[in-house]
Amino acid sequence: MATNLDADTLTSEVLKSFSETPNGRLQQILESLTTHLHAFVQDITPSIEEWEQAIDFLTRTGNTCTDVRQEFILLSDVLGVSMLLETINGQETPDATDSTVLGPFHMVESPTRDLGDDISPESDGPRCIVSGRIVSVEGTPVPNASIDIWQADTKGFYDVQQPGIQSVGNGRALLRSDAEGRFHFRSVVPMYYPIPTDGPVGELLEATKRHPYRPAHIHFLVTAPGYRELTTHIFIGGSDYIDSDAVFAVKGSLVKDFDEDQDPEAAAHYGVQSPFRHGHFDIVLHPET
Ligand code: BEZ
Ligand code: FE
């Protein structure tokens, strides 16, 4: 290995050190990482103290992770990397429903419920209805698809954030689409909420004067044999922060108005009080390749 390296020859020496990597993809990743990381350091020319600060930040990010908290994913989210990844991968399936971030609250198994059930039985507030169809990109119904749903309540809290107040499973459901690919459930319209700010990611938001809020949304993870898994949300039209999601996850196609339905017959059909708010979301799956 060469000695007395200057800044440029050092980069090429590190690149050379990976030249025998048997796994071609790993080699490509390490070469790109080296090229970009060295260029980044050249660009910002950090002092030793600044570099130590950066190492300390990443160390504390790792130390904040537990079985039920993933601060690195949150960091990837607030830096827009999670959405960049979703967007790049979504380019392969332009006719399917847009995907968006999974988020850290899909941490427990959702309770199996029947179509039409109230998925937020412990939550205060008027009931809404969410309905839709699961279809293929050709428009054919996808029956018996598994639809995993999770959402915050009317105060912006997930069940897992309020032990002793909400039971685990409130605001969650595992549904199956019917023979025509249809689904519907009762719930409450969730509120916007802040992402966790009591760790290093919160410090980053504070230092940069960014707010931590996500607009109101309901998560969906849809799977069906022969189709690509889809992780997405519906965003409640008109919610605060719809134009400034802390994790950059809003796509226009996923914003749905929850209009008020005044029809007493529709209310009776769904088993809710009239008037009620109704959101509709058709989900298009891409075949597995
Ligand atoms: C969520 O929607 O649950 C979420 C997504 C990214 C970061 C924090 C929360
Ligand atoms: Fe969420």
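**Close-up 1. D159, a buried aspartate in a loop.** D159 counts as buried because its relative accessibility is 1%. Buried means under 20% relative accessible area, exposed over 50%, and partly exposed in between (1.4 Å probe, protein chains only). The residue lies in the loop between β2 (146-151) and β3 (172-176). Helices (H or I, at least four residues) and strands (E, at least two) are DSSP runs, numbered from the N terminus. The D159 side chain reaches the backbone nitrogen of G169 at 2.7 Å. With the side chain of R172 it makes a polar contact, also at 2.7 Å. A polar contact is a pair of N or O atoms within 3.5 Å; within protein, one must be able to donate a hydrogen and the other to accept it, and residues adjacent in sequence count only if both atoms are side-chain atoms.

The model is predicted: local features need pLDDT of at least 70, side-chain atom pairs count only at pLDDT 80 or more, and totals for chains, interfaces and linings use all residues. Residues are numbered from 1 along each chain as written, chains are lettered from A and ligands numbered from 1 in written order, and side-chain values use heavy atoms, without hydrogens or water.

Close-up 2. An N or O atom in the R214 side chain is 2.5 Å from an oxygen atom of ligand 1. Taken alone, ligand 1 exposes 260 Å², and the protein buries 100% of that (Shrake-Rupley method, 1.4 Å probe). Helix α4 (71-78) and strand β7 (217-223) are the elements that give two or more residues to the shell. Residues surrounding the ligand include L74, D77, F105, Y158 and Y193 (a heavy atom within 4 Å). By class, the shell has seven nonpolar, three polar and two charged residues.

**Close-up 3. T232 in strand β8.** T232 sits in β8 (residues 230-236). It counts as buried, at 0% relative accessibility. S99 is 133 residues away in sequence, yet the C-alpha atoms of T232 and S99 are 4.6 Å apart.

**Close-up 4. Backbone exceptions in loops.** Most residues other than glycine have a negative phi, and most peptide bonds are trans. T45 has phi near 35°, in the loop between α2 (24-44) and α3 (48-64). T45 is exposed, with a relative accessible area of 59%. F248 has a positive phi of about 60° and is partly exposed at 44%. The S274 to P275 peptide bond is cis, with omega near -5°.

Terms used. Ala, Val, Leu, Ile, Met, Phe, Trp, Tyr, Cys and Pro count as nonpolar, Asp, Glu, Lys and Arg as charged, and the others, Gly among them, as polar.
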